[in-house]
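Me: I would like to go through this model and ask, for each label, what value stands behind the word.

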Amino acid sequence: MYFKPRIFISSTIGDKLEVRRKIKRIFEVAGAEVTLYEKDLTPSIDRNTYRTDILQTDFVVFIIDERYGHKTDTGISGTEEEFNIITYSKKPCHVYLKEIEKTDEAKRFESLINSLGISYYYYKNHTDLMRKLKSTFFTIARDIVFYKMDSLQVDPILLKRIAIKHDIKEGKKFCKLMDRAIDINLNTPFSFIQSNLFIAAIDIPATYIKNCMQSIFIDKYCENMLRNLCDLITNFTSAMSLQSCPNSNLYPIDFLGQTIYLANNQWLDNVDFSWYDGQLKIILDSYNAYRNYLAQKSLEAELYTD
């Protein structure tokens, strides 16, 4: 059965309706059902209406600029009132805070958010906010799934197994690329330093992973390991592109079902090859650490089998 998550958006940017509608559109395009009050910084006049709306959603997004919002008859703003409902009900939420000088009440509210350990993100302007919302949607979807499973009292061991298997599957994709490149490096005339092997085989996927706005793994440590590895690789290939170019004798080689064309490099004068040797060692050591971590997770997954 198709599950359409319900997302409630609460913000203090009530006078910028076009911005709020764009925000709403981001989540609707991703397949969510969105509730967003557009008329004022306070929610519905009928407090029971918006409380019901909040409690029936799967996730709440709070967007706070320099303002605190209009106070209700409770003495706090509608946004803070909604936040209190969410923290009390333990529903998942994200908070997006504008990097700007805020009013004293807004500062107090921000301190409250920080003290409760709620996930929050800073944004500079509305364009940056849109980018942050899009980049964190995977995290939101993941938190919704975990919340749903938790509310249904799904076995935590099953959750752990699902998460580990997902990460292993995603992690092995890059391992296949690196293992084939290492095989070519060891068993053909085309080495990582003296040919365009890294550029032809690894540079494009490494650049994609490095710049990908969405999370690849559930395990954040694994995520950081792979992104740092790809950063090392792209720094290596960028330097190589500036200091060398492949000669005209291109040789076709199968690379996991696709053909890449390799050639030995022609280098500029006075190239410091010791830098490349050192960087290559760091890259391979980082890859081995990443690969070993995935192997460790594979063993861990076996512990969670029936």
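Me: Why is Asp285 called partly exposed?

Reply: Asp285 has a relative accessible area of 40%, and because buried means under 20%, exposed over 50% and partly exposed in between (1.4 Å probe, protein chains only), Asp285 counts as partly exposed. Lys281, at 53% relative accessibility, counts as exposed.

Me: What makes Asp285 and Lys281 a salt bridge?

Reply: The closest N and O atoms of Asp285 and Lys281 are 2.8 Å apart, and a salt bridge requires a side-chain nitrogen of Lys or Arg within 4 Å of a carboxyl oxygen of Asp or Glu, so the pair qualifies. Both residues lie in helix α11, four residues apart, about one turn of the helix, where helices (H or I, at least four residues) and strands (E, at least two) are DSSP runs, numbered from the N terminus.

Me: On what basis were these values computed?

Reply: This is a predicted model, in which local features need pLDDT of at least 70 and side-chain atom pairs count only at pLDDT 80 or more, while totals for chains, interfaces and linings use all residues. Residues are numbered from 1 along each chain as its sequence is written, and side-chain values use heavy atoms, with hydrogens and water left out.

Me: Why is the pair of Trp267 and Tyr276 called edge-to-face?

Reply: Rings of Phe, Tyr and Trp (its six-membered ring) pair if their centres lie within 6.5 Å, and planes under 30 degrees apart count as stacked, over 60 as edge-to-face and the rest as tilted. The centres of Trp267 and Tyr276 are 5.1 Å apart and their planes stand at 70°, so the pair is edge-to-face. Trp267 is buried, with a relative accessible area of 18%, and Tyr276 is buried too, with 1%.

Me: What makes Tyr120 and Tyr122 partly exposed?

Reply: Tyr120 has 30% relative accessibility and Tyr122 has 33%, so each counts as partly exposed. Their own aromatic pair is edge-to-face, at 5.6 Å centre to centre with 85° between the planes.
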